[in-house]
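Visitor: I would like a close look at a single part of this model, with the terms spelled out as you go. Please take me through it carefully.

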Amino acid sequence: MGCSEIMRNLGDLVMNNKLVTFLSVALFAFVITVIALAVSNNNNASDLEECQARLAEFLSSTTTTIVTPETTTTVAPTPEMTTQAPSAPPSS
């Protein structure tokens with residue numbers, strides 16, 4: 001049984017079972033994709049944790065003082081405000 005006979009038998013097996021072969025290749029591709037996505041997600045999670053740690057370090061080292069300016073409002077007197085109250089009639 002030579003190498004050419006084994007390859008011919010393998011070719012016949014593949015050609016006779018096209019659906020099984022297609023599903024096997026699709027499953028293999030799916031497994032590889034899931035592994036690649038899992039690695040990518042793990043890298044993203046570690047990058048996020050590193051970024052959060054650096055942000056927390058930055059925020060803890062900075063002190064923020066909030067100064068609220070005091071505003072005073074001056075109201076100019078209007079003519080209505082400057083009128084005097086009527087004087088009371090003299091008591092008898």
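Guide: The place to begin is Val31, which is partly exposed at a relative accessible area of 38%, where buried means under 20%, exposed over 50%, and partly exposed in between (1.4 Å probe, protein chains only). This is a predicted model, in which local features need pLDDT of at least 70, side-chain atom pairs count only at pLDDT 80 or more, and totals for chains, interfaces and linings use all residues. Residues are numbered from 1 along each chain as its sequence is written, and side-chain values use heavy atoms, with hydrogens and water left out.

Val31 belongs to helix α2, which covers residues 18-61; helices (H or I, at least four residues) and strands (E, at least two) are DSSP runs, numbered from the N terminus. Together with Leu27, Phe28, Phe30, Ile32, Val34, Ile35 and Val39, Val31 makes a nonpolar surface patch of about 780 Å². Such a patch takes residues with over 30% relative accessible area and no salt bridge, joining nonpolar side chains (Val, Leu, Ile, Met, Phe, Trp, Tyr) within 5 Å and like charges within 9 Å; a salt bridge is a side-chain nitrogen of Lys or Arg within 4 Å of a carboxyl oxygen of Asp or Glu. Accessible areas come from the Shrake-Rupley method with a 1.4 Å probe, and for residues only the protein chains shown count as cover.

An unreviewed UniProt entry places the feature "transmembrane region" at residues 20-39, although such annotations may be inferred rather than shown by experiment. In the model, that span is 100% helix and 0% strand, and its end C-alpha atoms lie 29 Å apart.

The protein exposes about 9100 Å², of which carbon and sulfur atoms supply 64%.

Confidence is expressed as pLDDT, given by the predictor for each residue from 0 to 100. Among the elements, α2 has the highest mean pLDDT (90), whereas helix α3 (residues 79-82) has the lowest (60). Where pLDDT is low, the predicted coordinates should not be read in detail.
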